[in-house]
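Biologist: Before we talk about any part of this protein, could you put the sequence and the model on the screen, please?

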Amino acid sequence: QRRWEVGELCNESTPLMENVPMNMLRNFKAQHSWLLEPGDMLYLPPGYAHNGVAEGDDCITCSVGFRAPSHAEILQSYTDYLDERLTETTRYTDADLVPQENPGEITSTAFKKIQDILHGYVADEANIREWFGRYITQPKYLSEDSNYDENDLADARAQLDKHLAGDGLLGRNESSRFAFQALEPLHHLFVDGIPYHQYGASNELIEILCENTSFNRETLPLSENNVALLVVLLVREALYLYEPE
């Protein structure tokens, strides 16, 4: 059993204790209290103060976070994505600059040029789509990539063929994140922060991978492009082989 107390809705101005490694209120006042039994769940909306105390010596509590990204995190991630792709040759230009009465004035023309540069990157749908697919599937507890070579791919292909032929199952790594964007002619698939458009896998396979967590030979369309994608996901440990019970 664990007794949970829930207090006020907090914000950035709520007084906090100093010199502690986490956000702890300086003055916590419980407004609600529940005693949770084994198997019970408590949902806490973001920002609400809370305090949990075990009643007994055999209490284990599992906390699962569903925190949405902040605007600061979104903007920082997108600008980091752009920074990795832009070069020093792409610079501000003002070929139409004319002499001004006060050289220290930031004119509305200069301001508008900067605003247009920023608007251009925000309005670039292709960039936004690519960045967001990577960002929203970014793994929390997995490495983003793994080193592999052609021999690894060949070995994984042989294992996959043999496994599926023997009625084996293919499972999604429980820590992996799969998502797709429905585009024509081919969907864009993102897994654990990595795009997989280049494999040319079918829209059918992409939707199956994102909707389910377990697959067999009958549920997977196994064209050559589809198998190539499955092999890479196996090598990168987003998928794994297992036997039916």
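Biologist: Which residues of helix 5 (residues 203-211) are buried, and what makes a residue count as buried?

Modeller: This is a predicted model, and in it the buried residues of helix 5 are Asn-203, Leu-205, Ile-206, Ile-208, Leu-209 and Cys-210. A residue is called buried if its relative accessible area is under 20%, so each of these six names stands for a residue that falls below that cut-off.

Biologist: What do the buried residues of helix 5 pack against?

Modeller: They pack against strand 4 (169-172), strand 5 (178-181), strand 6 (188-191) and strand 8 (214-215), and also against helix 6 (224-235). Packing here rests on contact, which means heavy atoms within 4.5 Å.

Biologist: What makes the space lined by Ile-206 and others a cavity and not a pocket?

Modeller: A space is called a cavity because a 1.4 Å probe fits there but cannot get out, whereas a pocket is open.

Biologist: What is the volume of the largest pocket, and which residues lie nearest its centre?

Modeller: The largest pocket has a volume of about 1900 Å³, and of the 41 residues that line it, Trp-4, Leu-44, Tyr-48, His-50 and Ser-63 lie nearest its centre. Strand 3 (48-54) and strand 1 (2-9) each supply at least two residues of the lining, and the largest share, 5 residues, comes from strand 3. The lining has 23 nonpolar, 12 polar and 6 charged residues.

Biologist: Why is the crossing of helix 1 and helix 3 described by an angle as well as a distance?

Modeller: Two packed helices are described by both the angle between their axes and the distance between the axes. The axes of helix 1 (residues 71-83) and helix 3 (residues 125-136) come within 10 Å and cross at roughly 115°, and the crossing is right-handed. Helix 1 makes the contact with Glu-73, Ile-74, Ser-77, Tyr-78, Tyr-81 and Leu-82, while helix 3 uses Asn-127, Ile-128, Glu-130, Trp-131, Arg-134 and Tyr-135.

Biologist: How do the residues of this contact of helix 1 with helix 3 divide by class?

Modeller: They divide into 7 nonpolar, 2 polar and 3 charged residues. Glu and Arg count as charged, so Glu-73, Glu-130 and Arg-134 belong to the charged class.

Definitions and conventions
Residues numbered from 1 in each chain as written. Predicted model: local features only at pLDDT ≥ 70, side-chain atom pairs only at ≥ 80, totals over all residues. Heavy atoms only, no water. Axes fitted to C-alpha atoms, helices over the stretch in contact; angles between N-to-C directions. Helix = DSSP H or I, 4+ residues; strand = E, 2+ residues; numbered from the N terminus. Left-handed = near helix turned anticlockwise from the far one by under 90°. 1 Å grid on protein atoms, 1.4 Å probe; cavity = no way out; pocket = protein on both sides within 12 Å on 5 of 7 lines; lining within 4 Å. Points joined across faces, edges and corners; volume = space filled by probe spheres on them. Buried < 20%, exposed > 50% of the residue type's maximum accessible area, 1.4 Å probe, protein only.
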